[in-house]
Amino acid sequence: MASPVCSRIAVIVLFLAFIVIDSGAELPLKRFEYKFSFKGPHMAQKDGSVPFFEFGGSALASEDQIRVTPSLRSKRGYVWTKNVVPFPHWEVELIFRVSGRGRVGADGLAFWYRTDKGREGPVYGSTDRWNGLGVFFDSFDNDNQRNNPFILTMLNDGSKNYDHNSDGQTQQLGGCLRDFRNKPYPVRAKVEYYKNTLTLWFNNGMTESDMNYELCMRAENVILPANGYFGISAATGGLADDHDALKLLTHSLTVPASELPKPDGRITEEERQKFTREYDEYYEKLQKQKEEFRKLHPERVAGIGVEDFEDPNVRDLRLIYEGQHGIHQTIRELNRKLDEIIGRQERTLSTLSSVQSGGGTHMGGGGGGTPQMIDTIKRHEVDNVLNTQREISQSVRDIRSIVNDVQQKTGAIHLNQGQGGRAGDGLDFKLLVNELQDNLKLVKKDISYLTSKPEPRLPTCPDLPELPNCLSAGHFYFFMILQIVVILGYISYKHKQEVNAKKFF
Ligand code: MAN
Ligand code: CA
Ligand code: CA
């Protein structure tokens with residue numbers, strides 16, 4: 001059961017879609033053309049003319065209508081646009097009234113689009129052998145076919161005469177049997193010529209609505225001449241009606257851009273030369289304007305630089321530079337992060353080594369306790385310790401060299417003494433003592449420097465197994481003083497021996 005319902009719905013949707021697509025595709029753009037329209041109120045000016053229209057014969061304009069013919073016998077009247085119609089597609093709505101006291105009226109009213117202004121003539125008030133379109137609202141049944149009032153369209157290329165006696169039945173393009181006389185409201189006819197299709201709708205004036213149109217005729221492949229005029233004419237004969245034109249509303253129709261044939265993108269040589277010439281002219285004009293601007297505003301030009309416009313090569317170089325700068329920044333950032341990782345790794349290793357080395361010293365008695373919490377050694381603290389150790393080592397090496405120097409000097413004195421002293425030995429001894437004092441001062445200074453250095457906060461030598469040449473200040477003092485005392489004792493002893501030896505001479 002569901003399947004047929006679904007298929008019906010699908011068909012309806014498809015149908016509606018086609019309608020929407022179809023109607024959307026064919027909807028032309030409409031524009032009201034006031035130069036080809038008239039309507040009341042205030043239709044006629046003080047001199048009786050109607051703007052953009054000319055009329056003659058029995059036609060008479062008033063405030064709200066143009067009476068093309070009065071209901072008097074053998075009248076002809078006409079109204080024509082002053083200007084030719086410049087647009088190829090159009091829609092014209094004619095609102096009019098045909099009224100008379102008789103049961104039968106005559107002869108009828110015509111709407112025209114033709115290449116000449118058909119002033120007074122036999123075809124519903126206009127001239128015959130026209131070129132273009134005639135839409136005839138034929139009230140009187142001349143051929144007695146009981147088919148009037150009738151609405152009839154007829155094309156003419158200027159070669160045909162309208163057959164009045166047969167009501168043009170054999171000449172018609174199309175038409176419809178409609179009564180348009182003595183209606184409660186004005187009747188309306190809408191004529192559309194769009195894409196070579198002629199369509200006629202009719203509103204019989206039974207209501208005031210302007211929407212109740214019904215199709216009268218449609219004809220395709222209709223080719224109307226260009227540059228025609230719109231016109232209205234009417235005629236009476238043995239019988240007569242009032243033929244009143246109330247409104248003529250014209251719209252031009254434009255084919256939507258989506259339906260226009262697309263250009264193939266190629267241009268002719270002539271067009272190319274034209275565009276090139278226009279470009280050159282524009283460029284020259286631009287250069288002149290730039291030059292004028294420079295003259296008028298030199299300070300602004302100087303502030304801006306040589307050119308406000310970037311050269312393509314300069315732009316490429318700038319882009320390359322910016323790219324390289326970006327790469328450089330990225331590398332720097334990576335380098336920084338790598339340093340950070342290495343730092344963390346070193347701290348971790350230091351912590352591990354501290355734990356390992358501190359495990360034996362900090363373990364609670366007997367090795368049965370849990371490890372105590374140990375402070376983490378920072379890298380800069382380790383560096384400080386190492387630097388301090390290096391300085392101490394260097395100082396110790398300096399002291400060693402000084403001590404060696406003192407020993408060498410002492411050895412030299414001893415040698416001199418062994419070779420026998422001569423005159424002036426007392427002076428040499430004095431110089432030696434002074435030099436010894438100077439050296440001692442240097443030693444003292446170095447020691448003072450060492451002792452004045454702040455001790456690192458962290459445990460130093462004992463906790464760092466790889467650091468050699470550690471010497472405490474106490475030991476160093478002790479050995480130095482001992483050495484000096486020995487040397488002085490030795491020198492004193494030798495001096496006494498020499499004094500005693502001299503006594504014997
Ligand atoms: C007369 C003639 C015709 C005309 C009728 C109706 O018979 O003038 O041409 O059509 O009257 O007016
Ligand atoms: Ca007729
Ligand atoms: Ca007829």
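## Model and confidence

This is a predicted model, in which local features need pLDDT of at least 70, side-chain atom pairs count only at pLDDT 80 or more, and totals for chains, interfaces and linings use all residues. Residues are numbered from 1 along each chain as its sequence is written, chains are lettered from A and ligands numbered from 1 in the order in which they are written, and side-chain values use heavy atoms, with hydrogens and water left out.

The protein chain has a mean pLDDT (the predictor's confidence in each residue, from 0 to 100) of 79, and 68% of its residues reach 70 or more. Residues 9-24 stay under 50 and have 1 contact (heavy atoms within 4.5 Å) beyond four places in sequence. Residues 453-468 also stay under 50, with 14 contacts beyond four places in sequence.

## Calcium sites

Donors are N, O and S atoms within 2.8 Å of the metal (3.2 Å for Na, K and Ca); water is not among the atoms, so sites may look incomplete. N148 sits in the loop between β11 (131-138) and β12 (150-157), while D167 is 19 residues away in the loop between β12 and β13 (174-176); strands are DSSP runs (E, at least two residues), and helices are runs of H or I, at least four residues, both numbered from the N terminus.

D167 bridges the two calcium ions, which lie 5.8 Å apart. D167 is buried at 2% relative accessibility, whereas N142 is partly exposed at 25% (buried means under 20% relative accessible area, exposed over 50%, partly exposed in between; 1.4 Å probe, protein chains only).

## Salt bridges

The whole structure holds 14 salt bridges (a side-chain nitrogen of Lys or Arg within 4 Å of a carboxyl oxygen of Asp or Glu). R67 pairs with D242, with closest N and O atoms 3.7 Å apart. Because R67 lies in strand β5 (residues 66-69) and D242 in strand β18 (residues 242-254), this pair ties together parts 175 residues apart in sequence. R67 also bridges to D244, at 2.6 Å. R67 is partly exposed at 30% relative accessibility, D242 is buried at 14%, and D244 is buried at 1%.

R294 and E291 form a salt bridge at 3.4 Å. These two residues are 3 apart in helix α2 (residues 269-296), about one helical turn.
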